[in-house]
Amino acid sequence: MTIRNDWTREEIATIYHSPVLDLIYRAATVHRRHNDPQEVQVCTLLSVKTGGCPEDCAYCPQAARYHTNVKVHKLMEVDEVLTAARNAKESGSTRFCMGAAWREVRDNRDFDKVLDMVKGVNGMGMEVCCTLGMLTREQALKLRDAGLYAYNHNLDTSEEFYGEIISTRTYDDRLETIEHVRKSGISVCSGGIIGLGETVNDRIGMLHVLATLPEHPESVPVNALVPVEGTPLEDQERVSVWEMVRMIATARILMPRAMVRLSAGRVRMSTEEQALCFLAGANSIFAGDKLLTTPNPEVDRDKEMFQVLNLHPRPAFKNGEAPVTFEQIPNL
Ligand code: SAM
Ligand code: DTB
Ligand code: SF4
């Protein structure tokens, strides 16, 4: 079956609204045709610069303007980050994602430090990912040359609803950074959040944008909102597992080869609920006791879940070689 980039919104709506067991069955079939259904990518997140962000994302505990319990922390030191990456590798992660509460990357000493972090983690044989806010083409190339494998930049929701959630940047800003990442040869990670107060049409709209990009993102994180006290969305109702399942299954059918990541929100899901998500085509998770600032299931609980569900971790760099940094090229 060919990979399609010409899905219409109507087709996506029909898939999304199909009877849930049919939807799961179809997604599971697509998943089995394109991927090993027992293989799940295990990623670890680390917040390398926490809080104090100038943006106004209504869901985010790290926005400076909301009064949350998040403590501001300047950029971590390179060796601290490398120690955390080594620990993540030892506990079975093959992808290490470093997040910074920045609006955008600036060309300063902090960026140079991040480049060193990227070089160090890539040197350990892990897939390195960063999520640092907006990037220029030049900055994307510098990250790539340092050995960056993937860049996370979420669309979060539909273009129409975006302004209700974030006013300090536009949807086009987001798409532009994704294009810089894509054109620099870095793997694209982009998805969104459900439970922000959006309609089902907004979810369909976001999936439509992702599935009609010239190339699908290699990873699509599906987050359930983690409501955090002090943010404008603190009282949002919890999304039901069926909404997560519909989102994951639809993403799987539209983008058969993408890694669909069951991201934020797992801490409130049972093993049975997560099993439905894996059946519907999720094949990646964040492991480790913390996401960026909020709790995630304990490592031992996830190990037990992998055993019960007969899942095994996906090896690093399955889709291609590790990026070679300039330092690793021997002088001729
Ligand atoms: N500042 C950068 C940016 O916004 O791109 C990178 C870090 S930001 C925290 C990364 C992503 O985390 C956001 O795009 C959003 O999708 C997700 N996120 C943040 N807070 C969340 C929450 N409370 N619940 C679920 N996902 C959340
Ligand atoms: C993504 O889609 N989800 C992760 C990662 N990409 C950077 C972040 C989730 C953050 C949840 C809230 C927190 O822990 O601060
Ligand atoms: Fe800042 Fe990113 Fe949080 Fe928005 S999501 S407030 S840009 S850290």
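Hi everyone, let's start at arginine 314, which touches Glu39, Val40, Gln41, Thr94, Met259 and Asn319, not counting residues up to four places away in sequence. Contact here means heavy atoms within 4.5 Å.

Before going on, a word on where this comes from. This is a predicted model, so local features need pLDDT of at least 70, side-chain atom pairs count only at pLDDT 80 or more, and totals for chains, interfaces and linings use all residues. Residues are numbered from 1 along each chain as its sequence is written, chains are lettered from A and ligands numbered from 1 in the order in which they are written, and side-chain values use heavy atoms, with hydrogens and water left out.

Back to arginine 314. You will find it in the segment after strand E10 (312-313). Helices (H or I, at least four residues) and strands (E, at least two) are DSSP runs, numbered from the N terminus. Is arginine 314 buried or exposed? Arginine 314 counts as buried because its relative accessibility is 10%; buried means under 20% relative accessible area, exposed over 50%, and partly exposed in between, with a 1.4 Å probe and protein chains only. Its side chain also makes a polar contact of 3.4 Å with the side chain of asparagine 319. A polar contact is a pair of N or O atoms within 3.5 Å; within protein, one must be able to donate a hydrogen and the other to accept it, and residues adjacent in sequence count only if both atoms are side-chain atoms. Glutamate 39, one of the residues that arginine 314 touches, is 275 residues away along the chain, yet the two C-alpha atoms are separated by 5.3 Å.

Now to the ligands. Which residues are closest to ligand 1? It is surrounded by 16 residues, and the closest are Tyr59, Asn154, Asp156, Arg174 and Val226; a residue is near a molecule if one of its heavy atoms lies within 4 Å of it. Aspartate 156 has a polar side-chain atom 2.7 Å from an oxygen atom of ligand 1. For arginine 174, a polar side-chain atom lies 2.8 Å from an oxygen atom of the ligand. Valine 226 uses its backbone: an N or O atom there lies 2.9 Å from a nitrogen atom of ligand 1. On its own, ligand 1 has 560 Å² of accessible area, and the protein covers 90% of that; these areas come from the Shrake-Rupley method with a 1.4 Å probe, and for residues only the protein chains shown count as cover.

Let's stay with aspartate 156 for a moment. It lies in the loop between strand E4 (150-152) and helix H6 (159-165). Aspartate 156 is counted as buried because its relative accessibility is 2%. Its phi is positive, about 70°, although it is not a glycine. Most residues other than glycine have a negative phi. Asparagine 310 is not a glycine either, and has a positive phi of about 55°. You can find asparagine 310 in the loop between helix H11 (299-308) and E10.

Next, ligand 2. Among the residues around it are Leu45, Pro61, Asn154, Phe286, Leu292 and Thr293. A polar side-chain atom of threonine 293 lies 2.6 Å from an oxygen atom of ligand 2. Asparagine 154 has an N or O atom in its side chain that is 2.9 Å from an oxygen atom of ligand 2. Leucine 292 has a polar backbone atom 3.1 Å from an oxygen atom of the ligand. Of the 400 Å² of accessible area that ligand 2 has on its own, the protein covers 88%.

Now let's visit two helices. Arginine 203 is in helix H8 (residues 200-211), and its side chain is joined to that of glutamate 243 by a polar contact of 2.9 Å. Arginine 203 counts as buried because its relative accessible area is 6%. Leaving out residues up to four places away in sequence, its contacts include Tyr16, Ile194 and Met247.

Glutamine 139 belongs to helix H5 (residues 137-146). With a relative accessible area of 3%, glutamine 139 is buried. Beyond its neighbours within four places in sequence, glutamine 139 is in contact with Val105, Arg106, Asp107, Phe111 and Met134.

Last stop: proline 37, in the loop between helix H2 (20-34) and strand E1 (39-49). Is it buried or partly exposed? Proline 37 counts as partly exposed because its relative accessibility is 27%.
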